[in-house]
Amino acid sequence: DGEVHINELKNGNTEMFWNPTSEVRRQRLKRHIVLFEEQTDFESERLWQHVTSAINKGDQHKATQEKFVLEEEQRNAARERRESGTEWKPLLFQHDAGTNEWRYKYEDLRPWDPLNDIAQFEKDGILQTMERHLSTRMSNHKAACINNQITRHKRSAKECRRRKTSDQPSNHSQNTESSCSTPDSVQELSDDDGKYLGFESLCAQCGKEMNHLREIHSAVLSLQKAQQDIHR
């Protein structure tokens, strides 16, 4: 976040290599870190704290010494594991034999979905994406509501037919059947199943999430229109 210059030793000329202007600073992503006191011993900020401190003080000699001490400790630990036959099992990385590289276990390479993805964050070293999934939740809940109502409707129709068979004379069966019949294709449901089948309205949660989805859809359409205006 500071200016970087290239110094030509032969002629003493200095050239600007990097200049973080105020515009560049404004575009910088906000950095989120775990509090130092909450970090484990092997997290980078804690592990390299003495090297970092020496660099910030401009003491290159001290930084080199601290780096050597740190790396020597790591070599000794690796040697002890080999001698004792202890296998090192990384929590967050796995070895790719094809490329001979270590890869992050929880990497998410799919494109960002602005309509469904809200935020991406890290918890306990695992990268996670907060998603809306309102439509999926709503459709699943709606399907459960409709299935329950279909079951009740079928049970009611079955009881109605049973009463018709036991209570009504055979020559009146056609008339009584018309008052207790079920829809011909009760399994084939559209989005407005409750309306077409005469079921009671969907539960409050379905209605609430339906309204939420409409608001999101309206907001997205507004953003798309603004984007088109900007492009024009």
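Which pattern does the protein follow when read along the sequence? The pattern is β-β-α-α-α-α-β-β-β-β-α-α-α-α, made up of eight helices and six strands. Helices (H or I, at least four residues) and strands (E, at least two) are DSSP runs, numbered from the N terminus.

This is a predicted model, in which local features need pLDDT of at least 70, side-chain atom pairs count only at pLDDT 80 or more, and totals for chains, interfaces and linings use all residues. Residues are numbered from 1 along each chain as its sequence is written, and side-chain values use heavy atoms, with hydrogens and water left out.

Of the 232 residues in the protein, 14% are buried. Buried stands for under 20% relative accessible area, exposed for over 50%, and partly exposed for what lies in between (1.4 Å probe, protein chains only). Val4, which is found in strand 1, has 34% relative accessibility and therefore counts as partly exposed.

The largest pocket has a volume of about 1200 Å³. A pocket is an open set of points on a 1 Å grid over the protein atoms alone, where a 1.4 Å probe fits, with protein on both sides within 12 Å along at least five of seven lines; its lining residues have an atom within 4 Å of a point. The volume is the space filled by probe spheres set on the points, which are joined across faces, edges and corners.

In the largest pocket, 28 residues form the lining, and Thr40, Phe42, Glu43, Ser44 and Leu92 lie nearest its centre. Helix 4 (60–84) is one of the elements that supply at least two lining residues; helix 4 gives the largest share, five residues.
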